[in-house]
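Let's walk through a protein model together, one question at a time. Have a look at the structure first, then try each question before reading on.

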Amino acid sequence: MKHAYTSSVRLYLQHWMWRRQVKYLLLPAITSENTILEVADIGCGTGIWLIDLAGQLPQAKLVGYDVSPSQFPPPEWLPRNVKLEVLDALAEVPSSLVEKYDVVHIGLLVLVVGDNPLPLLRNVIRMLKPNGYIQWDEADLGGLFRTTSTPTTSKDSLEELYDLVDKRFNRARLSHSWVRSLDELFPQEGLAVIEYKQFPIPDEIAHPWTHMHLLSLGELIKDVEKSGEDLHKWLDLHAGAIEEARHGASVRMNMVVAVGRKASKVQGTIASTEPS
């Protein structure tokens with residue numbers, strides 16, 4: 001995604017809707033025994049997840065990483081226990097970050113990792129201390145569907161627009177089905193599954209959620225002309241979809257939260273953290 005002004009606005013809106021629905025930033029079980037934690041947020045964007053978390057964990061050290069600083073707020077406005085830094089989380093993990101963190105959070109990076117989450121997941125596991133936690137919050141784009149508030153409400157433009165999006169992903173051979181299988185993927189990489197939940201988008205936030213999603217498509221459309229596709233068709237459908245959303249058409253998918261725990265090292269061997 002281009003780090004445009006609208007992208008930052010979208011990220012703030014997305015964060016607040018996610019928090020409203022899921023109810024927590026970090027799974028409460030993670031902080032039930034210890035609040036003096038070192039926490040990293042991968043793909044932190046505007047830093048809003050850490051900014052909110054700072055109020056709950058004032059003694060924690062919170063560091064956000066993103067490939068670009070363009071969406072970071074001024075450092076003078078950050079809570080005292082929050083830092084934001086530049087890092088390519090898909091590149092080799094710096095030695096200074098290996099086994100550094102008690103918790104690593106990943107939020108809504110499905111379009112960044114594409115159809116293969118393993119490079120990012122394995123890097124994050126390297127950053128975790130033994131017994132550390134990963135919390136991956138993700139949108140199940142593979143299960144995206146369109147619906148309306150009444151049987152007579154139109155969603156024709158919305159359907160045609162997302163058909164174009166699907167074709168674009170299919171041409172790139174991108175599949176996002178792994179999101180709903182994180183609870184199977186974690187054990188394959190040595191993580192004990194602590195929590196796995198799917199949260200559907202309810203009617204109460206369907207309207208802002210749809211407009212937020214259409215904002216993200218507006219960012220995607222900026223790249224369409226470069227690919228030789230019909231830009232005017234995309235723009236016309238996008239405008240039509242916005243109008244349909246105003247009258248009760250919506251885009252929905254599940255919010256997915258997966259929490260895993262790294263094994264502990266005991267006398268040179270690896271001991272499972274799974275309960276007996």
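Q: On which residue is the kink in H8 centred?
A: This is a predicted model, and in it helix H8 bends by about 25°. Trp209 is also listed among the buried residues of H8. The kink is centred on Trp209.

Q: What distance separates the end C-alpha atoms of H8?
A: Let's start with what to expect: H8 has 19 residues, and at 1.5 Å a residue they should span 27 Å. The expected span takes one less than the number of residues. The model agrees with this, because the end C-alpha atoms of H8 are 27 Å apart.

Q: Is H8 roughly parallel or roughly antiparallel to H9?
A: Helix H8 (residues 203-221) and helix H9 (residues 231-246) pack with their axes 10 Å apart, at an angle of about 170°. Angles over 145 degrees count as roughly antiparallel. Therefore H8 is, relative to H9, roughly antiparallel.

Q: How many residues in the contact of H8 with H9 are nonpolar?
A: Among the residues that make this contact are His207 and Leu214 of H8, and Trp234 and Arg246 of H9. Sorted by class, the contact has five polar residues and one charged residue. The number of nonpolar residues is 10.

Q: Is Lys23 buried or exposed?
A: You will find Lys23 in the loop between H1 and helix H2. Its phi is near 85°, a positive value in a residue other than glycine. Most residues other than glycine have a negative phi. The cut-off for exposed is over 50%, and because Lys23 has 64% relative accessibility, Lys23 counts as exposed.

Q: What is the relative accessible area of Asn131?
A: Asn131 lies in strand S5 (residues 128-139), and its phi, near 75°, is positive. Asn131 is partly exposed, and its relative accessible area is 29%.

Q: Which residues does Gly107 contact, leaving aside its neighbours within four places in sequence?
A: Gly107 sits in strand S4 (residues 101-107). With a relative accessible area of 17%, Gly107 is buried. Leaving those sequence neighbours aside, Gly107 is in contact with Ile42 and Asp137.

Conventions: Residues numbered from 1 in each chain as written. Predicted model: local features only at pLDDT ≥ 70, side-chain atom pairs only at ≥ 80, totals over all residues. Heavy atoms only, no water. Axes fitted to C-alpha atoms, helices over the stretch in contact; angles between N-to-C directions. Helix = DSSP H or I, 4+ residues; strand = E, 2+ residues; numbered from the N terminus. Parallel < 35°, antiparallel > 145°, perpendicular 65-115°, else oblique. Contact = heavy atoms within 4.5 Å. Nonpolar A, V, L, I, M, F, W, Y, C, P; charged D, E, K, R; others polar. Bend = angle between axes of the 7 residues up to and from the residue. Buried < 20%, exposed > 50% of the residue type's maximum accessible area, 1.4 Å probe, protein only.
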